[in-house]
Amino acid sequence: MSMEARREPFTPDPLLGALIGLCPVVAASDSLADGVILGLGAALSALVLGLSLPSLKSLMPARLRSPMAFALAAGLAALYGLAAEAYSPLLAKGLGIYLPLVAVNCLVLASLRRGLRPGEDSALGLAATVFLYFLVSVLVAALREALGSGRLTLPTPGLSPRSLVILESPPLRLLVAPAGGFMVLGCLAAAYRLVQRVRGRRLP
């Protein structure tokens, strides 16, 4: 990387650089299926809000935009919760309160702010962010379950999700505890910072 590029202002990735919206997901996702369900819910809600609010805000006065945005976020979370329950009642029951809390996920709130302010991230940038969010959520959940319990629970429909045995003797059982999610996420964030340092970028 050239010296000029190294001196340019650098904004860390909002996910692996600032951990936007990932903490509640990784704390609750101790299986691959949970990571898929929660990650997909937050990503879809953020994407729909980010794309719809810029056009909807022109239809109502400024004082009503924030209440409208939060009502829309709550409605999306409720609809997604019903869809998840219809798809797999067992997975939805296991996630409990975390499904409706998709409405106040940090990624969703960031999309709300972006939608209420003019001239911010493009639709392509938002789509890339939510896609990366989903991938990170799934990766963290898969690593936790594979290394902590030796299996991978697939997000299959119905009352009994299928599981694949990966390791007969899992090496890190601690990872299936809530703290294990933060351990894996911390390792991913450290790897991201290492890559940026090798590239000559200085993160705050």
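Visitor: Which residues does Ser-137 touch, not counting residues up to four places away in sequence?
Guide: Contact here means heavy atoms within 4.5 Å. With residues up to four places away in sequence set aside, Ser-137 touches Leu-22, Val-25, Gly-35 and Gly-39.

Visitor: What pLDDT do local features need in this predicted model?
Guide: pLDDT is the predictor's confidence in each residue, from 0 to 100. Residues are numbered from 1 along each chain as its sequence is written, and side-chain values use heavy atoms, with hydrogens and water left out. In this predicted model, totals for chains, interfaces and linings use all residues, side-chain atom pairs count only at pLDDT 80 or more, and local features need a pLDDT of at least 70.

Visitor: Is Ser-137 buried or exposed?
Guide: Ser-137 sits in helix H7, residues 123-149; helices (H or I, at least four residues) and strands (E, at least two) are DSSP runs, numbered from the N terminus. Buried means under 20% relative accessible area, exposed over 50%, and partly exposed in between, using a 1.4 Å probe and protein chains only. Since its relative accessibility is 1%, Ser-137 counts as buried.

Visitor: And which backbone oxygen does the side chain of Ser-137 reach?
Guide: A polar contact is a pair of N or O atoms within 3.5 Å; within protein, one must be able to donate a hydrogen and the other to accept it, and residues adjacent in sequence count only if both atoms are side-chain atoms. At 2.8 Å, the side chain of Ser-137 reaches the backbone oxygen of Tyr-133.

Visitor: Which residues does Ser-31 contact, leaving aside neighbours within four places in sequence?
Guide: Ser-31 belongs to the loop between helix H2 (23-28) and helix H3 (32-56), and its relative accessible area of 9% makes it buried. Its side chain reaches the backbone nitrogen of Asp-34 at 3.2 Å. Beyond its neighbours within four places in sequence, Ser-31 is in contact with Ala-141, Glu-145 and Thr-153.

Visitor: How far apart are the C-alpha atoms of Val-108 and Gly-50?
Guide: Val-108 is in helix H6 and is buried, with a relative accessible area of 0%. Among the residues it touches beyond four places in sequence are Ala-42, Ser-45 and Leu-49. Val-108 and Gly-50 are 58 residues apart along the chain, and their C-alpha atoms are separated by 8.4 Å.

Visitor: Which element has the lowest mean pLDDT?
Guide: The chain has eight helices and two strands, and its mean pLDDT is 76, with 81% of residues at 70 or more. Strand E1 (residues 151-153) has the highest mean of the elements, 87, while the lowest, 46, belongs to helix H1 (residues 3-7).

Visitor: What share of the residues of the chain count as buried?
Guide: The chain exposes about 11100 Å², 68% of it from carbon and sulfur atoms; these areas come from the Shrake-Rupley method with a 1.4 Å probe, and for residues only the protein chains shown count as cover. Of its 204 residues, the share that counts as buried is 40%.
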